[in-house]
Amino acid sequence: MVSDDAAIWDVLRSVPDPEIPVLDIVELGMVRGVETAADGAREVILTPTYTGCPATEVIRRSVEEALAAAGLGGIRVRYRLTPPWTTDWITPEAREKLRRYGIAPPRPRRSAPDRPVACPRCGATDTDTVSEFGSTPCKAAMRCRTCREPFEVFKCL
Amino acid sequence: MSDGLHGYQYDYALRLGDTALVLGQRLSEWVGHAPALELEMAVSNLALDQIGEAQLLLEYAAAHKGDGSSADSLAFGRDVLDFRNLLLVEQPNGDWAMTIARHYLYSVFHRLHFAALAACADERLAGIAAKTAPEIAYHLRFARDWMLRLGDGTEESHARLQAAVDRLWKFTGEMFEADAVEEALVAEDLAVDARRLAAPWRAEVEALFREAGLAIPAVSRMTTGGRRGHHSEHLGHLLAELQFLQRTYPGLEW
């Protein structure tokens with residue numbers, strides 16, 4: 001069962017987030033675990049990121065397809081709401097990937113709300129918010145006053 | 001629908017789900033028409049959150065109904081008299097001031113309501129409320145900022161926002177009602193006693209109104225009835241657009 005689980009986790013690490021393809025769903029903190037259901041079936045437990053995120057169903061299908069392609073068909077995919085997902089579950093490596101991809105990583109939830117967001121391009125902290133709502137539910141629009149470039153920031157949840 | 005507490009839980013989840021769905025549909029009507037690109041993105045995100053919330057709540061309602069219903073069948077298969085949403089959220093978008101006033105008056109309530117719901121003994125409802133709470137905080141901040149900007153803005157923006165508030169105020173009383181369904185569930189800690197939220201809501205709204213230079217409207221009688229399916233004429237038109245595809249091609253999938 002342990003080696004089986006390792007194989008499942010390997011598959012899960014190969015499934016990218018459809019809207020931020022540099023991240024996989026494990027480093028995004030979406031995989032809560034691999035469990036055995038009451039009927040004996042193996043289940044991958046996912047947690048949705050944002051409630052209305054249209055990628056939620058795409059991700060379910062991608063996971064099912066990836067498991068089937070790896071010869072692990074018959075494993076179910078289930079969403080669990082509680083405890084609710086938070087951006088604090090995004091791994092440190094994934095935060096660095098986000099920054100290199102041009103998206104400022106989310107600030108820790110317990111940090112001061114006025115802590116400045118660093119520009120992912122030039123690193124300057126003289127930045128301001130253009131809109132709290134960006135191109136997807138998880139991002140807000142900002143701009144850098146130093147390099148004058150617009151950029152997106154991963155919203156803190 | 002089954003009898004007793006189960007039936008009440010269905011009614012309650014339906015009320016919450018319908019309110020989320022109708023508000024989400026209203027907000028999505030701005031797509032393609034918002035005053036600026038940033039607002040277009042903001043309002044479509046707000047709509048998406050509400051529809052996501054509706055999906056979770058209507059799935060739960062469908063589970064209580066237990067007759068093979070789904071969130072989709074409840075959203076697309078019921079007629080206007082079967083909808084249980086708050087009257088406030090079905091009011092038309094009007095101008096930007098009207099949309100902001102509606103969203104603000106509702107979001108103050110929404111935040112208080114779901115904060116209390118997250119602590120109730122119905123684990124599934126509590127989970128949904130805890131999940132959506134951080135998103136509601138964004139809604140409230142957005143609506144608050146715009147209330148201040150318009151209320152304390154130009155003569156024109158102030159007049160429009162005051163007119164919007166005057167028009168919508170009579171629909172706010174309904175949020176703080178409770179009927180036999182809610183009373184039975186509150187006794188078991190399975191619902192929020194919304195009557196307790198009236199005072200904190202009023203205090204928060206009054207503080208913002210003072211800051212924005214708005215007057216609290218004098219309304220002698222509140223218009224209610226959403227819980228009983230007594231809606232304004234506007235809801236039928238909203239549903240016609242929302243349900244058109246599934247009514248015309250039942251069961252159609254993308």
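Let's begin with a pair of residues: A:Leu46 has A:Tyr79 as its bridge partner in β3(A). Before going on, this is a predicted model, where local features need pLDDT of at least 70, side-chain atom pairs count only at pLDDT 80 or more, and totals for chains, interfaces and linings use all residues. Residues are numbered from 1 along each chain as its sequence is written, with chains lettered from A and ligands numbered from 1 in the order in which they are written.

Back to the strands, which are DSSP runs of E, at least two residues, while helices are runs of H or I, at least four, numbered from the N terminus. Strand β2 (residues 42-46) of chain A runs parallel to β3(A), and four bridges join them; pairing takes at least two DSSP bridges. The open sheet has three strands in the order β1-β2-β3 (chain A), with mixed pairing. At its edges are β1 (31-36) and β3 (76-79) of chain A, each pairing on one side only.

Now, how do the chains meet? The contact (C-beta atoms, placed from the backbone, within 7 Å) takes 20 residues from chain B and 15 residues from chain A. On the side of chain B that touches chain A, α2 and α6 (123-151) of chain B are the elements giving two or more residues.

Which residues does B:Leu57 touch, not counting those up to four places away in sequence? They are B:Ala13, B:Leu16, B:Gly17, B:Ala20 and B:Ile128.

Methods: Two residues are in contact if their C-beta atoms, placed from the backbone, lie within 7 Å.
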